[in-house]
Amino acid sequence: MLDEVEKIRRVIGGAIAAAAAQADLEALRVDALGRKGRLTELMKGLGRLPPEQRRQAGATLNALKDELTAAIEARAKALAASELTRRLDAERVDVTLPVRPQPEGRIHPISQTIDEMVAIFGEMGFKVAEGPDIEDDFHNFTALNIPPEHPARQSHDTFYLAGDGAAAPKLLRTHTSPVQIRTMKAEKPPIRIIVPGRTYRVDYDATHSPNFHQVEGLVVDTTTHMGHLKGCLVEFVRAFFDVADLPVRFRPSYFPFTEPSAEMDIGCSRAGGELKLGAGGDWLEILGCGMVHPKVLANCGIDPAEYQGFAFGMGIERAAMLKYGIPDLRTFYEADLRWLKHYGFLPLEMPSMVGGLAR
Ligand code: DAH
């Protein structure tokens, strides 16, 4: 029997130490200690031994049983630990990787700039209004106090659509100002809108495109005055260009639909041939503005004795070029993916006054 005990210790003990999986350990346990296991069979034979040998042999078998049980437990623990290490290695998460793959697409600088303007003016209580790209003479010119023979019409170089002969031909709007008319005809003051949108003129060079974008602004209320115009626009340019002390100046100007009219400049420096926004002794024109002409209010059925307002208009491409250092206007429309990758914006980073305008 002692030979048999020694054999079990050697064979099973060795196999336990070499077991590669929990399932192998369990098979070995059954083989040695199970109901029909080798050690169990030996224990069953104890009853046939004389009493004094029985005690001795019983002690030996019990010792082997304890030894094998302990060996199985120890090996099981070791296997579990190495299994954990293996899984940790295999399932390692690199927390420095980006949350998701970088999206390929980009937001076009024009869309981004519009979103930024909407965020800033939205915070001031403006809502966004829209109008048609195809306009008529009344909304684009006449109601804005630009009569038929007015010289201001020529500077607009209008695209006319083929008419049917009877009615006056439609046209592509030359500015976003006709949406002032549409809004004032449709809504009662107080009015506070911005109008970002497409505009068209017969013009094409490095600083002009036949299709471009403007944002219009209109505020009409009983007490609206030039101070509101200035405060609103100064606040806007400082937020938009992200220069807290951006110098501004208002120059007297002329637009048929405002009286008085002004152009607003922002401070810049051109030292060393490099354009920098901010204090620097130089000026850049950024927008046109003024107090809504009483005739324009009256053309829309608003009593100029009771209401007054201010308006402004601004080129979106120009604002984007200045803010983002884009040198050539024509590149905006070339749909060049490399350009878009360089000047475009990530889709998930939507501009807001709390989250930031652009990163
Ligand atoms: N409509 C003008 C243009 O296209 C821009 C403009 C100037 C709009 C003054 C306004 C304004 O509302 O008050 O050049």
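**Ligand and pockets in a predicted model**

β5 (211-221), β9 (282-292) and β10 (308-315) each put at least two residues into the shell around the ligand. Helices here are DSSP runs of H or I with at least four residues, strands are runs of E with at least two, and both are numbered from the N terminus. This is a predicted model, where local features need pLDDT of at least 70 and side-chain atom pairs count only at pLDDT 80 or more, while totals for chains, interfaces and linings use all residues. Residues are numbered from 1 along each chain as its sequence is written, and side-chain values use heavy atoms, with hydrogens and water left out.

Q: Which of the residues around the ligand come nearest?
A: A residue counts as near if one of its heavy atoms lies within 4 Å of the molecule. There are 15 residues around the ligand, and the nearest are H175, S177, R201, Q214 and E216.

Q: How many residues of the shell around the ligand are charged?
A: Ala, Val, Leu, Ile, Met, Phe, Trp, Tyr, Cys and Pro go down as nonpolar, Asp, Glu, Lys and Arg as charged, and the others, Gly among them, as polar. In the shell around the ligand, 5 residues are nonpolar and 8 are polar, and the charged ones number 2.

Q: How much of the ligand's exposed area does the protein bury?
A: Areas come from the Shrake-Rupley method with a 1.4 Å probe. On its own the ligand exposes 350 Å², and the share buried by the protein is 91%.

Q: Which residues lie nearest the centre of the largest pocket?
A: A pocket is an open set of points on a 1 Å grid over the protein atoms alone, with protein on both sides within 12 Å along at least five of seven lines, and lining residues have an atom within 4 Å of a point. The ligand takes up space in the largest pocket. Of the 48 lining residues, those nearest the centre are Q214, E285, M314, G315 and R318.

Q: Which element gives the largest share of the lining of the second largest pocket?
A: Residues lining this pocket include M1, L2 and E41. α3 (38-44) and α4 (51-90) each supply at least two lining residues. The largest share, 4 residues, comes from α4.

Key. 1 Å grid on protein atoms, 1.4 Å probe; cavity = no way out; pocket = protein on both sides within 12 Å on 5 of 7 lines; lining within 4 Å. Sits in = over half its atoms within 2 Å of the grid points.
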